[in-house]
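Got a minute to look at a ligand and the residues around it? Have the sequence and the 3D view ready.

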Amino acid sequence: MNIGITCYPTYGGSGIVATELGLELANRGHEVHFITYANPIRLDPGIPRIHYHEVEVSTYPLFQYPPYSLALASCMAEVAEDYALDLLHVHYAIPHSIAALLAQQMLAGVRRLPFITTLHGTDITLVGVDRSYFPITKFSIEKSNGITSVSEYLRRRTVEVFGVSGEIRVIHNFVNCDLYHPDDEKKGAADYAPPDEKLLIHLSNFRPVKRVIDCIRILAEVRKRAPAHLLMVGDGPERGPAEHLCRELGLERHVSFLGKQNHVERLIPLAHVLLMPSELESFGLVALEAMACGVVPVATRVGGVPELITDGEDGFLEAAGDTAAMAARVVTLLTDDQLHYRMAKAGRWNAAERFCSEKTIPEYERYYEQVMGS
Ligand code: GMT
């Protein structure tokens, strides 16, 4: 198939899923065309069957807001025609879905261009419900030729909030279990902390919904009972406040802010525990990546997270904001090696059995064929 993929190429779960999906599809022999405003972060150049088309958004003094969605629609239509695309797959509804609809209409009479919208979370739970975006989000979802959501929770929310009556296919996020795997020796941890300190890790885009500051509070509690060092990976608006809190609590030496990292599969396995104290996650991709690496997630019981993590078996779930409970779970994992071993193994098993790319990519392929044939 010739597949066009549009996503936010920046540091966010939806862009990562779209990029990994494109790579896996190319690996299976499909031609994949990324249509984005920048090269997606996990996309290294020179990969066979991967093509990248940059959306250029010209500015003009009259435009207070450059019309990105229009430039995107034009680029989608152009690429679809030039490269005989069979299908567009857009990740994150706003504004990608409406741009795909425009591209489809621009090509009417020239070629058929069905499009699939994958809903990721904040496009429904935060941005989509905003009054200014609600009607267009609902419209673009209803006009999509196929809709998928990354969790059952998100499917339900979409039906509740937008009253969508058509099918929303749940295709859970996935992980490449060959790339993301445990490192039992964790030798690289010595680059960050002395040998008696185990590593905790947090990765996100540091937006308020991630409750990044809770990670610092959790570490402060944990260190009263067990030696630990925290790796903070990513960047965003909450980084400043988190660094400030570290200084206030005298934790500077025990937290490393690493900024945005491309090869997180090399960092995650160094840790013992992942902290994901989010207010809301429609899925929680980073928890899946951690489980594939044998790193036990201590997370919140929100959104679609319980579809991935079974509390007490392959991770721990607590209420959002309950940093004391999360800290207690972390201490248990750092001090009880047998429990940690059991839960790490269970997490790896869950990731490999239920969420590995070999299982999920064919689900997307089958859905593409269904949508193209309908
Ligand atoms: O979490 C973010 O802020 C980024 C956002 C995105 O769309 O880029 O992530 C959402 O999509 C991820 C990939 O499907 C999910 O794993 C995240 O749970 C989801 N985030 C939220 O629902 C807050």
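## Before you start

Keep in mind that this is a predicted model.

## Where the ligand sits

Let's start with the big picture. The ligand takes up the space of the largest pocket. Domain 1 (2-174 + 357-373) and domain 2 (187-354) each contribute residues to the shell, so the ligand lies between the two.

## Who is around it

In total, 19 residues surround the ligand, and the closest are Ser-14, His-120, Asn-205, Lys-210 and Glu-281. Sorted by class, that shell has 10 polar, 6 nonpolar and 3 charged residues. Which helix gives the most to the shell? That's helix α1 (residues 13-27), with 3 residues.

Lys-210 has a polar side-chain atom 2.6 Å from an oxygen atom of the ligand. For Asn-205, a polar side-chain atom is 2.8 Å from a ligand oxygen.

How much of the ligand does the protein bury? On its own the ligand exposes 490 Å², and the protein buries 96% of that.

While you have the model open, check the peptide bond from Ile-94 to Pro-95: it is cis, with omega near -10°. Pro-95 belongs to helix α3 (residues 93-106).

Then there's Ala-84, which has a positive phi of about 50° even though it isn't a glycine. To find Ala-84, look in the loop between α2 (68-82) and β4 (87-91).

Methods:
Residues numbered from 1 in each chain as written. Predicted model: local features only at pLDDT ≥ 70, side-chain atom pairs only at ≥ 80, totals over all residues. Heavy atoms only, no water. Near = heavy atom within 4 Å. Polar contact = N/O pair within 3.5 Å; in protein donor to acceptor, adjacent residues only side chain to side chain. Areas by Shrake-Rupley, 256 points an atom, 1.4 Å probe, with all protein chains shown as cover. 1 Å grid on protein atoms, 1.4 Å probe; cavity = no way out; pocket = protein on both sides within 12 Å on 5 of 7 lines; lining within 4 Å. Sits in = over half its atoms within 2 Å of the grid points. Helix = DSSP H or I, 4+ residues; strand = E, 2+ residues; numbered from the N terminus. Nonpolar A, V, L, I, M, F, W, Y, C, P; charged D, E, K, R; others polar. Domains from an automatic or database assignment.
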